[in-house]
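Subject: Structure for you to look at

Hello,

Here is the structure I said I would pass on. My notes on it follow below.

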Amino acid sequence: MSLLNFLKKIEPDKKKSPFLHTLYDGFFTFAYAPNTVTKDGVHIRDGMDLKRLMVYVVIALQLCYIFGTYNIGHQHFIAAGQYLGFLEGFHLKLAFGLIQMLPIFVVAHVVGLGIEFFYAAKKGHGIEEGFLVSGALIPLIMPPDIPIWILTLSVAFAVIIGKEAFGGTGMNIWNIALLSRVFVFFAYPLTISGDQCWISGFEKISGGAAVNYNWWHTGFFNSLFEWIGLDTFNTGLKVPDGFTGATPLAMAYEGGWEKVTQYFSESQLLWGTIPGSIGETSKVLIVVGALFLIITKVASWRIMAGMVLGLIVTTLLLNSIGSTPFMQVTWTQHLLMGSFLFAMAFMATDPVTASSTNRGKWIYGFFIGVIGLIIRVMNPAYPEGWMLAILLMNTFAPTIDYFILESNIKKRMNRV
Amino acid sequence: MKTIQFQPTVILFLLFSATPLFSQSETSGQNLLLTSVIAICVVLILWALLTLANNLMRIEASKHGIDTNKNNFSVFPGLADFINQKPSFTTGEKFINLTKGFDIKLEGEAKKAIETVQVNRFAIKPTDFRGMSPIPKIEVEIGQSVKAGDVLFYDKKRDTIQYVAPVSGEIVAVERGEKRSIASVVILADKKMDYRKFTTPDFTSCSREELVSFLQSSGLWTLINERPFDRVPDTQKVPVNIFISTFDTAPLAPDFNFVVSGNETSFQKGLDVLKVLTSGFVHLGLDGRSKNIPPHDAFRNTTGVKKTYFSGKHPAGNVGIQIHHVAPIKSGQTVWTLGVQDVITIGNMFLHKIYDASRIIALTGAELKSPAYVKSYIGCNVADLLKNNIAGENNRIVSGDVLSGKQVDNDGFLGYRDDQITVIKEGNDYELFGWLLPQSPRPSLSGTFPNFLYPDHQFTAETNTHGEKRAMVVTGQYEEVLPVDTYPQHLFKAILTNNIEKMEGLGILELTEEDVALCEFACTSKSPLQKILRDGLEIVKEQS
């Protein structure tokens with residue numbers, strides 16, 4: 001209880017310094033569940049609250065975080081032609097991943113939470129936990145090579161325009177994390193598409209390009225590893241000739257599944273040791289996270305099922321047309337490529353922006369599956385569709401709900 | 001038994017769902033064929049093993065003299081496990097199985113025994129009656145002695161409806177609340193009850209008007225609740241139906257099977273009287289939750305009423321939910337609802353010509369030393385009821401159940417329609433990382449608590465809100481616990497935005513506080529849903 005007393009003692013005055021008090025309140029309620037009791041309504045309340053809900057999504061993402069960080073390093077060394085085995089050069093890959101990942105993670109949170117705290121203080125209410133999830137998602141859907149200033153801009157855009165302009169947590173129309181990504185996509189397309197951005201640590205991903213190390217690699221970690229007696233970062237590494245940084249989707253667009261399997265094995269695609277956005281490559285770990293969300297009832301299984309259904313139906317349809325190699329790719333192969341599963345588990349299921357009726361969730365999910373796959377297969381400019389499909393269906397989610405409510409209202413009126 | 005039966009289904013399901021996955025990823029047709037054949041073989045082997053196990057179990061069972069032909073005695077799931085079977089005792093009656101809902105299991109269930117307590121003071125509170133003017137006309141003076149059934153006060157707006165004394169005794173106080181409104185009329189009870197003698201009309205032959213005016217003057221009218229707005233009924237309106245739920249699914253609620261025993265004839269008499277008053281039917285909602293234990297004969301053997309069995313979790317026992325599934329309220333109509341003990345009081349009037357306000361009350365909650373049933377009268381004093389029975393210091397006393405009951409003072413009085421008191425601990429303390437790592441088990445619908453591992457655990461609930469109020473974020477949560485064909489979240493949003501047409505369209509008139517109480521309990525955002533609903537009902541009432 002002494003910690004509690006200490007925290008109570010240092011509580012800043014609410015009137016004199018509202019911003020400080022909001023900040024204090026945010027951290028205090030993080031440490032201690034408040035002592036408020038029920039009034040006027042029910043006398044007991046469920047143990048579940050928004051903090052717990054949000055944190056469970058973050059917990060579900062942890063495997064993707066660990067793997068994603070390591071995979072940044074793994075992809076880097078594959079491109080450099082060194083340590084081709086997954087666990088070879090473990091410490092170097094981990095160190096490289098951390099050097100890339102930590103700034104992205106920290107900046108996304110500092111910018112996003114900073115804006116959140118500012119608006120909470122300005123409006124005079126407690127800090128809502130919405131950004132916990134957005135902040136955890138944003139680093140995972142960015143390419144590892146994203147420049148920090150672009151990330152800063154995109155997070156600020158998403159939180160201010162996407163959320164605070166609509167009234168804060170629970171009021172936004174579009175998914176915050178995806179909004180930050182779509183901002184990068186339209187404002188700085190080269191940093192998030194093509195075959196240059198998915199592997200970090202090089203000036204350019206083509207034969208003969210040299211590695212691009214900074215003080216953290218050559219100064220900090222190299223002296224640390226030298227001192228322990230491990231391998232160090234080698235500044236003389238070059239990308240071997242004929243190496244491509246393209247993702248499976250870009251290859252599938254050119255030459256279908258055959259072209260993909262020339263470069264990547266199925267188990268590589270399944271376990272995620274491929275280039276791509278940081279957190280979306282490992283299908284197995286995403287499925288584990290999705291199952292965790294379904295079992296804890298944090299995310300809607302209806303949306304996920306609807307999306308899978310939409311994907312299967314559209315693939316079967318495209319398979320029957322089959323005029324380009326990409327159209328002949330089967331639905332299981334589609335599941336193995338790209339970020340469908342990540343979008344399904346963590347993006348589409350955002351309860352605020354998704355359809356809010358149970359029947360609507362099926363429709364919403366189904367159409368994300370349909371539209372996303374059409375974008376993926378038919379669009380020559382950009383080979384992945386889930387971001388745009390989800391944002392589009394976010395826009396239409398209230399319309400879906402409207403028609404479902406109308407049918408309920410009509411049914412009731414007909415009884416009279 | 002149940003768990004053993006479901007395992008093979010799970011295995012079969014997994015196998016079948018996995019088969020297309022294996023076969024699709026193979027490109028050549030031969031591999032597809034091969035994997036299918038292997039899958040079928042595995043299924044067949046499993047089936048053979050299970051059949052063997054099944055037979056062995058039967059042999060073992062017959063050695064122990066167990067009849068294997070009864071109760072679906074098998075390793076395999078029978079059809080009955082998938083289709084919810086009607087209990088056999090529902091013969092000929094309607095049976096409705098509600099799949100939505102949630103039972104909050106709490107510690108402190110009342111022991112099935114009536115204990116005697118000495119209650120000295122009783123009070124009727126005008127605030128218990130919704131829509132009543134704050135200062136009713138008081139017909140008694142302090143110091144005056146009254147008989148059970150004597151008029152205490154009436155509402156000046158509706159002066160024919162009399163509010164009567166539940167017990168005989170001396171008027172000791174007329175307590176006043178805010179703005180000189182009357183808070184309660186308190187009676188110090190006599191040792192021996194003295195009843196006012198009534199002359200009851202013959203309800204089978206007299207006109208409806210005569211019966212209605214008798215009910216008003218005898219105080220029985222105030223026992224009736226009129227939906228949709230939950231008030232003492234309009235004297236001019238004929239209800240289209242009358243509904244009585246004979247079981248309560250709320251946490252720690254009294255068992256009416258226990259309450260009704262000994263009052264069978266009074267209950268039937270009360271139903272007979274009510275039957276005359278409606279243009280439709282008297283509907284009884286019966287407990288069909290247990291497959292083997294039928295409800296009390298007092299309910300099952302009633303005549304002249306329509307019976308419907310309900311099965312499911314709370315709020316299946318709420319009369320509002322039952323109305324929705326039997327004959328939903330249409331716009332402009334009213335229905336009446338009564339509690340089981342109210343019907344008994346009406347019955348006793350026509351049997352014994354007295355106003356018998358006796359109530360069997362369940363004293364429940366984890367903070368009671370001996371939770372049990374007691375016999376007292378309407379409006380009894382809480383301090384007298386709970387004397388020497390409360391364990392801790394920091395408690396909350398609730399008149400009613402923990403979901404929709406009202407908090408009362410330590411020296412307060414039981415609500416007019418309540419037949420239960422719950423005493424739980426106040427949760428006004430801080431909990432380190434309580435939102436992430438709770439230090440005590442707590443009831444929850446969420447899968448983030450390992451509560452599903454202990455399905456029969458009785459929780460010691462506290463009044464802590466377990467979190468702060470937030471914007472509505474989670475969807476589909478209310479739907480899960482409200483077995484009504486509507487979209488509760490959108491209904492609440494319609495109320496908050498004052499959209500009357502949408503409120504009515506989404507069926508606000510079919511709901512009342514107790515129906516949405518479970519939604520409020522489950523709400524992740526800690527919204528005050530019962531209050532929102534009542535505000536909405538008030539808005540609709542003003543408009544109509």
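Two strands pair if DSSP finds at least two bridges between them. The model is a predicted one, and in it β1(A) pairs with strand β20 (residues 431-432) of chain B, antiparallel and over two bridges. Within this pairing, A:A33 is opposite B:E431 of β20(B).

On the chain A side 51 residues are in contact with chain B, and on the chain B side 65 residues are in contact with chain A. In chain A, the elements that give two or more residues to this side are α2 (18-31), β1 (32-33), α3 (50-79) and α16 (386-415). By type, the chain A side consists of 22 nonpolar, 19 polar and 10 charged residues.

The largest nonpolar core holds 239 residues, and A:A345 and A:I390 have the most contacts inside it. The element that gives the most to this core is α3(A), with 14 residues. Leaving out residues up to four places away in sequence, A:A345 touches A:I286, A:G289, A:A290, A:L293, A:A299 and A:M304. In soluble globular proteins, nonpolar side chains tend to be buried together.

Last, one residue of chain B. B:G392 sits in the loop between α10 (382-385) and β17 (395-399). B:G392 counts as exposed because it has 12 C-beta neighbours inside 10 Å, and a residue is exposed at 12 or fewer. Again without residues up to four places away in sequence, B:G392 touches B:E367 and B:K425. From B:G392 to B:E109 is 283 residues in sequence and 17 Å in space, C-alpha to C-alpha.

Regards

Technical notes:
Residues are numbered from 1 along each chain as its sequence is written. Chains are lettered from A and ligands numbered from 1 in the order in which they are written. This is a predicted model: local features need pLDDT of at least 70, side-chain atom pairs count only at pLDDT 80 or more; totals for chains, interfaces and linings use all residues. Two residues are in contact if their C-beta atoms, placed from the backbone, lie within 7 Å. Helices (H or I, at least four residues) and strands (E, at least two) are DSSP runs, numbered from the N terminus. Ala, Val, Leu, Ile, Met, Phe, Trp, Tyr, Cys and Pro count as nonpolar, Asp, Glu, Lys and Arg as charged, and the others, Gly among them, as polar. A nonpolar core is a set of buried Ala, Val, Leu, Ile, Met, Phe, Trp, Tyr and Cys residues joined through C-beta atoms within 7 Å. A residue is buried if 20 or more other C-beta atoms lie within 10 Å of its own, exposed if 12 or fewer, and partly exposed in between; C-beta atoms are placed from the backbone.
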